[in-house]
Amino acid sequence: MLAAAGLLTAATAYGEYAGGSRGWALGADLAAGLVACGLLPLVLRRPVHGALALAALAALVPTATPVSTIGTLQVARSRPFPVAAAVAGAGACAHVLRGLWQPLGGLSFGWWLVLVLLGHAALLGWGALAAARGALIDTLQERARRAETEQGRRVAEARAAERARIAREMHDVLAHRLSLLATYAGALEYRPDHPPERLAHAAGVVRTGVHQALDELREVITVLREDTGGDGTGRPVPGISDLPELVEESRATGTPVELRDGLADPAALPGPTGRTAYRILQEALTNARKHAPGLPVSITLDGSAGDQLLIEVSNPLPGAAGPPAVPGTGTGLVGLTERVRLAGGQLDQLARSGEFRLHARLPWPA
């Protein structure tokens, strides 16, 4: 920029004095032009002060005009429009004053005034356009950075949600199966005096349950990977139609289960709602086996399409002298509450007067 300003200054001096006097006036103008070039660093650091100083110098000598226009343009690019307009007005006034006391040969003052005003207006517009373009580029870059940050946050949230979903699915599927295994394993441990046929039967149930638990674990991983309505193996997703089998499994472990089914049309229940209902009952029966083994469980289903699906499960609380309970993490009902909430329903639990009661409401669209 400094070299370009120097060339423009020399060209202005040559044009001003070509064919005329080249004495001390030319030397003074060249010296003033060099001073104007020396003010360029000030223009870059403090544009307003530098541009005003150059405008004052341009009012005295024509060789300061090129550097003065650079100062006006720099202010228009880096400062607000009102400030830039004031500086451009000061530069235009300085050149008009110079035209009054040092008129150009062959150019009337009127045309000089028009050229000065048009030139400074063009500098002001050019600088404002460059400033707007720079601000737009900065805005777009900032938006791109924010979008990248937001995308990273969404990816992290999606990963956390997926981990929580996997944990819920594994708990719902495996806790039920493993609680059955714990029941049969406890029978083998505490009643070794059973006939060999019953011991062999219990051992067979444990072996079969382990295989089923592994199969269900693979099903959970497949469902979460493919995010489909099935498990990728052709086996149906558990729903309300699988409730009798779930009840029979619990009865086979020694838990009396009473089922009162008042559903108007179970086949009309939507698949996601039926799956959620199955998980609610599975978790309730699993908790009953863990914390109240051998005590009766009562299940009540009611509802119809266009209304709500109501699920109520209750069982007595064990006394201090009851059989040992299977230890649990206490997170099953937390995950179940979240599952029901995401399905648009509500889950309530209450332990009072020696009874634990679980009450769930799920939407049943028509």
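Reply: The chain has 11 helices and 5 strands. This is a predicted model, with a mean pLDDT of 76 over the chain, and 77% of the residues reach 70 or more. Among the elements, β2 has the highest mean pLDDT, 94, while helix α1 (residues 2-17) has the lowest, 46. Over residues 2-11 the pLDDT stays under 50, and the model gives that stretch 13 contacts beyond four places in sequence. Residues 13-24 are also below 50, with 11 contacts beyond near neighbours in sequence. Where pLDDT is low, the predicted coordinates should not be read in detail.

The 5 strands form an open sheet with mixed pairing, in the order β1-β2-β3-β5-β4. Its edges are β1 (257-263) and β4 (346-352), each of which pairs on one side only. From one strand to the next, the twist averages 10 degrees.

β4 and β5 form a hairpin with 2 residues between them, and Ser 353 in the turn has a positive phi of about 55 degrees.

Glu 312 pairs with Arg 357, with the closest N and O atoms 2.4 Å apart. This pair links distant parts of the chain, since Glu 312 is in β3 (residues 308-316) and Arg 357 in β5, 45 residues apart. Glu 312 counts as partly exposed because its relative accessibility is 26%, and Arg 357 is likewise partly exposed, at 30%. The other bridge joins Arg 260 to Glu 258, where the closest N and O atoms are 2.9 Å apart. Arg 260 has a relative accessible area of 40% and is therefore partly exposed; Glu 258 is partly exposed at 43%. Side chains of opposite charge can pair when their charged atoms come close.

On the β1 side, helix α9 (residues 243-252) lies across β1 and β2 (297-303), running at about 165 degrees to β1. In the loop between α8 (196-226) and α9 is Ile 240. With a relative accessible area of 14%, Ile 240 falls under the 20% limit and so counts as buried. Beyond its neighbours within four places in sequence, Ile 240 is in contact with Leu 263, Pro 266, Leu 269, Gly 274, Ala 277 and Leu 301. The C-alpha atoms of Ile 240 and Thr 273 are separated by 8.6 Å, with the two residues 33 apart along the chain.

For the chain as a whole, the count of salt bridges comes to 7. One of them lies in helix α7 (residues 109-190), where Arg 146 and Glu 142 are 4 residues apart, about one turn of the helix. Their closest N and O atoms are 3.2 Å apart, and Glu 142, Arg 145 and Arg 146 are linked in a network of salt bridges. Arg 146 is exposed, at 59% relative accessible area, whereas Glu 142 is partly exposed, at 29%.

Some totals complete the picture. Buried residues make up 34% of the 366 residues. Of the contacts with a separation of 6 or more, 69% are between residues 24 or more positions apart. The chain exposes about 20,300 Å², of which carbon and sulfur atoms supply 63%.

Technical notes: Residues are numbered from 1 along each chain as its sequence is written. This is a predicted model: local features need pLDDT of at least 70, side-chain atom pairs count only at pLDDT 80 or more; totals for chains, interfaces and linings use all residues. Side-chain values use heavy atoms; hydrogens and water are left out. Buried means under 20% relative accessible area, exposed over 50%, partly exposed in between (1.4 Å probe, protein chains only). Contact means heavy atoms within 4.5 Å. Accessible areas come from the Shrake-Rupley method with a 1.4 Å probe; for residues, only the protein chains shown count as cover. Two strands pair if DSSP finds at least two bridges between them. Axes are lines fitted to C-alpha atoms, for helices over the stretch in contact, and angles run from 0 to 180 degrees between N-to-C directions. pLDDT is the predictor's confidence in each residue, from 0 to 100. A salt bridge is a side-chain nitrogen of Lys or Arg within 4 Å of a carboxyl oxygen of Asp or Glu.
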